[in-house]
Each structure stands twice: as C-alpha cells, then as structure tokens.
Amino acid sequence: ALPLADDIQSFVNGCKDSGGKVVVLAFSTMPMTKTKIITAALKIIKECKSKVYVLALLGKQIDAPFPDSSVEYSDAIRDGRLLLAPGAPYGQLFPLADAVVLKGGLGTLSEALKAGLPAIVTGPLLLDQRFWGSRCSEMGVGPFGFHSNDFLEKCVDYVEKAVEDGSVWRENASKIAKMMADEVGDDPSGVEKNVECVVRLSGIATPYHYDGNEEAQKQNPKEAKKIWFTKKTKEGDGEEIEVTEEGVVYVEAV
C-alpha cells in the first residue's frame, strides 16, 4: 500500500494532537471549482462547533490559479487547519479521518465505510452516485445525497452532525465497518465476494427507481415495476426493451 505523503501525515498528527476532527473533502475528480472547494472548507472550519481540520483533495486543480482574491485562506493553512493536496491513498487516509465528503462513487464510498466513516455525498449525482447517496441515508451513515450546488448551504450542518460527539452516523458507519470486516474473511480485496454477490444478485435483481425527493424515495422506493425504453442500433433500427420486476429482459423489434 502507498504511504501517506509527509505533509498529509503531519497535518493529521497535528489535528489529533490538538483534539480536532479531520474532515476529508474528496473532490479530486469532481467538477467543482477550486474557489468553491476552498470557500466551503473555510466555512466548515469557521462555523462548525467542533474543532474541524479540513484536508481538501483537489486533483489536477492543485496547481491551478486561484481566481477569487477575496477568499483568503493563507491563515487557515498557516494555522494548520487547512491542507490542500492533489490526492491521497484512501486506504491509508480514511482510517485516520473522522468524516468524508465525496461524490458518491462506489470505490470511494466503500473505502469510507470500510474505515467506519460518516459519508456526505454531494456532486453532480451522475449514474450510480444517486443510488449511493440514497443508500447512505438509508443505512444511516450520512444525509440523502444532494447536488453540489447546495453544498455551501448544507456543508456546516452535515459536517457537524458527522463529527459531533455521539454521532449517530459515525456509530452506524462503525457497525457497517465491522460487518464488512467480518464478511471479508480471508479475501481482503473483496474480489471473490464481489463476484459471488454479482452472480447471486443477477438472478433476483429488480430495476431501481430513483426519485430526487427523499420523502418520496422512502415511501415508494420501487415505484417503477417496468422500465421501457428504445435502444438504437448502428443501422438506425429500434428495439423496445421491457425489464420486468424479476429482472428478466424481453426484447421485441419495433
């Protein structure tokens, strides 16, 4: 496993020595501007009741110019409360953190849950990100996934709930981490378990219906019994495909 960079390890050590909480903004591959990420980080540091230290992972934006001179962050860096880095090995970093903000991809979320971390899902909510944002709420390890346009408005409340003493999200995430550790056994990579799970679930899988409204999702998570759509072939012909509740696909030419 790759070790943590020296500056990240020193940042984490300084936080722990002062009794603070490490919050990771895992935005290294997210289309969120450097200005917005740092603005959110400063707001979290200043407004959270808990003493929060923010590690912001910026990916390729780490060397990008900072266009908004009105956002002053040098003091937070000098005081050791904020660190900007391009990235970090999550398997080494997350066990040392107290909460993570992420875009909701399966890989990063899996590392967060494996470490027993509350997970705050925000971003463009593309593809499986919507599903995992919903699952975090259902599992009680974070809020219902929300779009990154609302991050500045919600970041303080959600981070505080994640790192506060007696956090329910942290308690639930710790339980799930133990379940994962017990389940993995002698397969630490999880590859064998994943293959077994895919094979088993492929026979019983049902369509997943996503609704952006949290209450509607709770009330009727499988509203759509059948999904119809048109699949275009290279020749321009169409096929109408029905996915039944049992997950069996029937194809009829149109």
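Begin by selecting Phe 146, Tyr 158 and Trp 169, which ring pairs link into a cluster. Rings of Phe, Tyr and Trp (its six-membered ring) pair if their centres lie within 6.5 Å; planes under 30 degrees apart count as stacked, over 60 as edge-to-face and the rest as tilted. The model is predicted: local features need pLDDT of at least 70 and side-chain atom pairs count only at pLDDT 80 or more, whereas totals for chains, interfaces and linings use all residues. Residues are numbered from 1 along each chain as its sequence is written, and side-chain values use heavy atoms, with hydrogens and water left out.

**Aromatic pairs**

The structure holds six aromatic pairs. Select Tyr 90 and Phe 94: their ring centres are 4.6 Å apart and their planes stand at 10°, so this pair is stacked. Tyr 90 is buried at a relative accessible area of 18%, and Phe 94 is buried at 0%. Here buried means under 20% relative accessible area, exposed over 50%, and partly exposed in between (1.4 Å probe, protein chains only).

Return to Phe 146 and Tyr 158, whose ring centres are 5.3 Å apart with planes at 50°, so the pair is tilted. Phe 146 lies in strand E6 and Tyr 158 in helix H7 (residues 151-163), so the pair ties together parts that are 12 residues apart in sequence. Helices (H or I, at least four residues) and strands (E, at least two) are DSSP runs, numbered from the N terminus. Phe 146 counts as buried at 5% relative accessibility, while Tyr 158 is partly exposed at 22%.

**The sheet**

Next, colour the six strands of the open sheet, which has the order E3-E2-E1-E4-E5-E6 with parallel pairing. Two strands pair if DSSP finds at least two bridges between them. Strand E3 (82-85) and strand E6 (146-147) are the edge strands, each pairing on one side only. Helix H2 (residues 34-47) packs on the sheet, where it touches strand E1 (21-26), strand E2 (52-57) and E3; the direction of H2 makes about 170° with that of E2. Contact means heavy atoms within 4.5 Å; axes are lines fitted to C-alpha atoms, for helices over the stretch in contact, and angles run from 0 to 180 degrees between N-to-C directions.

Now select strand E4 (residues 99-102), which pairs with strand E5 (residues 119-123) in the parallel sense over three bridges. Along this pairing, Leu 102 stands opposite Val 121, and Val 100 has Ala 119 as its bridge partner. E4 is also joined to E1 by three bridges, and these two strands run parallel; there, Leu 25 has Val 101 as its bridge partner.

What covers E4, and on which faces? Both faces are covered: Ala 99 and Val 101 on one side, and Val 100 and Leu 102 on the other, are all buried. In a regular strand the side chains alternate between the two faces of the sheet.

**Two further stops**

Select Arg 81 and Tyr 53: the charged end of Arg 81 sits over the ring of Tyr 53, 5.1 Å from its centre. This requires NZ of Lys or CZ of Arg within 6 Å of the ring centre and within 35 degrees of the ring normal.

Finally, select Asn 172 in helix H8 (residues 168-184). Not counting residues up to four places away in sequence, Asn 172 touches Met 139, Gly 140 and Val 141. The C-alpha atoms of Asn 172 and Val 141 are separated by 5.8 Å, although these residues are 31 apart along the chain.
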